[in-house]
Amino acid sequence: YGHKGNHLIALGDPAAATSADLADGIHEFRQLADTYNRTAVFYQVDEANVHHYLDAGFVLLKLGETASLELKSFSLLGSKGQKWRSALNHGARAGLSFEIATLPLEENIWQELQAVSTTWLKDQQGAEKGFSLGRFERDFLAHCSSFALIKHNAKIVAFASVTPDFTHREEFRIDLMRYLPDTTNGTMDFLFVNLIQHAAQAGYQWFDLGVAPLAGVGETVWSRREERLIRLIYQYGNRFYNFKGLHDYKSKFNPHWRSIYLAYPRRASLLSILVDVSALISGGYRQMFGK
């Protein structure tokens, strides 16, 4: 969890072996916040657990949806697999290659990864994020399980860090993903299809495609006022943040979608919470406003 302003903000649900343990974790975190006269907030909690937060006196606000691909349903065969075969063939013809690099990495690989990350950030005209978003922090990345590398003429042009697995190969997850802006079109498709194949061959059941922010938020006339306001960001802020493009890209894999929520106490200021969550992700209030 992170501390920003008057809020203790937990990322996701508490890690718990049972439903009862998860409920206890929610209560204990709220008690911890109360002890220090702070407000407990949970950011990006799963739809399967919303009843625990309601029982603990929290209000829920939908933030978007997360996509998971069931690996047994993914195939390169037949007409359904044509686009994925094409992605692999296109990448191969362009001279791309895929490999998994396990830790510890050689120093020259670290230097290449840093160069790709720095170039990507410069192209995005932004600074490193954090909290709910991966960042290039070598000490942290040195504890991931492996890296997926895309090379062109033996040079790394894209990479993704793979998070450690604590669930007996239930779900394959990536954290940080970066690529050179001038790399071959279709490089990310090449990366994803190869990674999905790698995860399936390693015995995983699901592949986590990550979050589509604001997807499915405030879409009906019965949606809460707060969700409809956030929906305006989705519609009118899309020229600055391609939320729709991100959702559409993940949809190509025909994943299972699950809603994620912000859980916060009933009398807390939602605006204040959203500002502090944004500042925590951005690295501070000045960074949040691009100062």
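Helices here are DSSP runs of H or I with at least four residues, numbered from the N terminus. I keep in mind that this is a predicted model.

Entry one, helix 9. I looked at what comes after helix 9 and found G283, with a positive phi near 100 degrees. Then I checked the length: helix 9 covers residues 270-282, and its 13 residues at 1.5 Å each should span 18 Å. The end C-alpha atoms are 18 Å apart, so the two agree. I also listed buried residues in helix 9, among them L270, I273, D276, A279 and L280.

I found K4 in strand 1, residues 2-4. Does K4 count as buried or exposed? K4 is buried, yet I get no salt bridge for it. The nearest side chain of opposite charge is D276, 7.2 Å away, and a salt bridge needs a nitrogen-oxygen distance within 4 Å. Leaving out residues up to four places away in sequence, K4 touches D276, A279, L280, G284 and Y285.

I searched the whole structure and got 17 aromatic pairs. I picked W110 and F147, which are edge-to-face, with 5.7 Å centre to centre and 80 degrees between the planes. This pair links distant parts of the chain: W110 sits in helix 4 and F147 in strand 6, 37 residues apart. Both W110 and F147 are buried. I also noted one aromatic cluster made of F74, W84, F172, F192, Y204, F207, Y249 and F253.

Last entry, a charge on a ring. I see R30 over the face of F58, 4.8 Å from the ring centre.

How values were computed: Residues numbered from 1 in each chain as written. Predicted model: local features only at pLDDT ≥ 70, side-chain atom pairs only at ≥ 80, totals over all residues. Heavy atoms only, no water. Phe/Tyr/Trp six-rings, centres within 6.5 Å; stacked < 30°, edge-to-face > 60°. Helix = DSSP H or I, 4+ residues; strand = E, 2+ residues; numbered from the N terminus. Buried < 20%, exposed > 50% of the residue type's maximum accessible area, 1.4 Å probe, protein only. Lys NZ or Arg CZ within 6 Å of the ring centre and 35° of its normal. Lys, Arg positive; Asp, Glu negative; His and termini not counted. Contact = heavy atoms within 4.5 Å. Expected span 1.5 Å × (residues − 1).
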